[in-house]
Amino acid sequence: VIQRSVINTGIAPGDIITVDESEQVAAHPSMGDIVLVEIGPARSRVLRQFIPPSMLVTNRIGANLAIDLSDPSVTPKIVGVVLREPQLSS
């Protein structure tokens, strides 16, 4: 991870993450999943939080950015879901 786009979800720059890029998982993310998204003509990869039915948002302090999956100007495509260990309640 090199950016702070989803830092409020506990994923920070320098973290090593595992992403399930299988087609089945990428095609059906759940509410709140952190997803790996390809955007733009260069197909840059970014992390975003999935908010159904079609929003991809940052989750950080300050202004948050949103991408609509139907936006043809950035042609976003979810290519994977970040795998996370379940949070244990104290």
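Modeller: Buried means under 20% relative accessible area, exposed means over 50%, and partly exposed lies in between, with a 1.4 Å probe and protein chains only. This is a predicted model, in which local features need pLDDT of at least 70, side-chain atom pairs count only at pLDDT 80 or more, and totals for chains, interfaces and linings use all residues. Residues are numbered from 1 along each chain as its sequence is written, and side-chain values use heavy atoms, with hydrogens and water left out.

Colleague: Is threonine 9 buried or exposed?

Modeller: Threonine 9 counts as buried, because its relative accessibility is 16%. Threonine 9 lies in the segment before β1 (18–20); strands here are DSSP runs (E, at least two residues), numbered from the N terminus.

Colleague: And what is threonine 9 in contact with, leaving aside its neighbours within four places in sequence?

Modeller: Threonine 9 is then in contact with Ile34, Gln49, Asn59 and Arg84, where contact means heavy atoms within 4.5 Å.

Colleague: What about isoleucine 2: buried or exposed?

Modeller: Isoleucine 2 is exposed, since its relative accessible area is 75%. Its place is in the segment before β1.

Colleague: Turning to the sheet, what is the order of the strands?

Modeller: The order is β1-β6-β2-β3-β4-β5, in an open sheet of 6 strands with antiparallel pairing. Two strands pair if DSSP finds at least two bridges between them.

Colleague: Which strands stand at the edges?

Modeller: β1 and β5 (66–68) do; each has a single partner strand, so one side of each is left without a neighbour in the sheet.

Colleague: How many bridges does β6 form with β1 and with β2?

Modeller: β6 pairs with β1 over 3 bridges and with β2 over 4 bridges, in the antiparallel sense in each case. Valine 19 stands opposite valine 82 in β6, and leucine 36 has glycine 80 in β6 as its bridge partner. As for burial, 5 of the 7 residues of β6 are buried.

Colleague: Which residues make up the largest nonpolar core?

Modeller: It has 10 residues: Ala26, Val35, Val37, Ile39, Val46, Phe50, Leu56, Ile67, Ile78 and Val81. A nonpolar core is a set of buried Ala, Val, Leu, Ile, Met, Phe, Trp, Tyr and Cys residues joined through side-chain atoms within 4.5 Å.

Colleague: Which element gives the most to this core?

Modeller: β2 does, with 3 residues. Apart from this core lies another, of 7 residues, among them Leu36, Leu47, Val79 and Val82.
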